[in-house]
Amino acid sequence: MSEIQIVLPSPSDAGAEERAVEQGTKAWQLFAESPDIIAARVGGELKDLAYELVDGDHVEGVAMESKDGRDILRHSAAHVMAQAVQDLFPDAKLGIGPPITDGFYYDFDVAEPFVPEDLDKIESRMRKIIKEGQKFDRREISDDDARAELADEPYKLELIGLKSAAGDAAEGASVEVGEGGLTIYDNLKRDGSLAWKDLCRGPHLPTTKRIPAFTLMRSAAAYWRGNEKNKQLQRIYGTAWENKEALDAHLHRIEEAQRRDHRRLGTELDLYSFPDEIGSGLPVFHPKGGVIKREMEDYVRRRHIEEGFDYVGTPHIAKEELFHTSGHLPYYGEGMFPALDVDGNDYRLKAMNCPMHNLIFRSRGRSYRELPLRLFEFGHVYRHEKSGVIHGLTRVRGFAQDDSHSYVTPEQAPDEIRHLLNFVLSLLRDFGLDDFYLELSTRDSSKDKFIGSDEDWAIATKVLEDVCLETGLELVPDPGGAAYYGPKVSVQARDAIGRSWQMSTIQYDFNQPSPERFNLEYVAADGTRQQPVMIHSAKFGSIERFMGVLVEHYAGAFPPWLAPVQVVGIPVAERHADHLYAVAEQLKAKGIRVEVDDSDERMQKKIRNAQTQKVPFMVIAGDSDIEAGAVSFRYRSGEQENGIAIDDAIARIVEAVESRVQV
């Protein structure tokens, strides 16, 4: 039999090695001694291990614990779940079943919504299918033959009709159909007979037995193709991992996330609420939440001024034509609220502040000597988010941005981005977020939602990329994620339990200043009129969202400088209250937020109340404390120090607040 040449990564990471193998060799044969390899990457494309190698292939093994490996595992688990559902509910029609972050789902058209008992039965049936070791077998099929085979699956037929546009037409559809030919995966029993099949692009695990650890999480309603005009299907969510330990760790993270849920903690700590009478996605801040919000605003306002920004203010609405000029209505119109009729003219609630800042720049002639010109405001903006995506403070319809725009010469752009990125990272560290990476969002040249020349995009992207690389932080590409007017870099911060949140953004905009948009100009040193570069930046991004992230990061136990109540005075008996009121007055004089609990509750109940409200410091006083001019010092953790002189206690509290440390 003749041989072919393939290329494998060198085990020593010293490059690549060529290897001669027999014609007809399958990918699995290369990795027979590596049980953790469950697929192959050939020429950059993911393939099943059953793929037959051809001459010149560059082949790399895909481990189950890798991102791609987990996606393959989870998509295979989704197929097993769908098979189990149709075994138990033969009339169920199949929707879409892609892998998602940390799991998978599959949509079904069924007569009745699933209940928890159904999920138990489905999971039990899945375990039997896994134990059977059914083979995932790929075969190519023509459109007409696929329609014939899947005649009883109306949603699959619809996807075949959409084929080349499926990735845009339905969330998750790209795992089933796309440009090019169709494939079906058959689940084959050990005797070769067909157990089940599904339209799918793959790849998959070799057999169902390779699914080591999974569980079903919940069911929910979901509109077909994510469109509320379509029929509502039933979606089952599950998760799958490379071993039981990884699954258990994931489930523990979920429990911890539920404990930290900012919606629940917001109610328990009396920080904010979401009244139905106001409307979905429109939060109100209670006095304690207002303290945190004010501290955030005071901090970021001061920092902007220190960093050379001028504070400005703009209205909540503007004539519709302004947003045509900026490009928001043509390119972001679905994210804006419908027009308001004002004196016979159409006005819009603003979704961004930048168009109005451009008008401030354009209000008079500008010289190169004024640049960088930096404008900043707390601009309240409104986004027409779909009801299904609204989530507490982290996805809302009305929010305040600490929004800024820097107008610079093209030569100044790299330094300004460097300046903004340093500003952002220092801000995040001050708020206790110090584990982050960067994401560079670029355009997809095949889509028409981006404006500007290839040259302009290349320059802007290169400037952002170079500055990001200087930081030494991990830089992750986000192809197609740019704004319509230019590329952006976002800071992705990991919280206390390792979840990533998109926080601050910096965007390079060469479009809005252009003659076709706002025609922004400055007089250069040689007397010519030049177009500035506009750099958007939001440090918190959204004050509301940032607060929601902080609540979950700290599980409501804020560092003293952010805590709504920083100190609670707890008298052992009623006669000790005056001593603590005197201490409280001294603390207030230092700017400390302090309360004295002189209620009729017993002392231990008062301590529990303060701990439940996650107050950083408790100062307790009894007879011996009064005699010594002291207090007992108690922390949230339950630790206590007795007999601390009042001046020392006050100094400790003030130092903790001023240094922004956690206690």
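View 1. Val631 has Ile644 of strand 33 as its bridge partner. The model is predicted: local features need pLDDT of at least 70, side-chain atom pairs count only at pLDDT 80 or more, and totals for chains, interfaces and linings use all residues. Residues are numbered from 1 along each chain as its sequence is written, and side-chain values use heavy atoms, without hydrogens and water. Strand 32 (residues 630–635) pairs with strand 33 in the antiparallel sense, over four bridges. Pairing requires at least two DSSP bridges between two strands. Strands (E, at least two residues) and helices (H or I, at least four) are DSSP runs, numbered from the N terminus.

View 2. Five strands run in the order 30-29-31-32-33, with mixed pairing. Neighbouring strands are turned by 25° against each other on average, direction ignored. Helix 19 (residues 646–658) packs on the sheet and touches strand 29 (567–571), strand 31 (617–621), strand 32 and strand 33. Its direction makes about 115° with that of strand 33. Axes are lines fitted to C-alpha atoms, for helices over the stretch in contact; angles run from 0 to 180 degrees between N-to-C directions. Contact means heavy atoms within 4.5 Å.

**View 3. Surroundings of Leu428.** Neighbours within four places in sequence are left aside. Leu428 then contacts Leu433, Phe436, Val491, Met503, Ser504 and Phe546.
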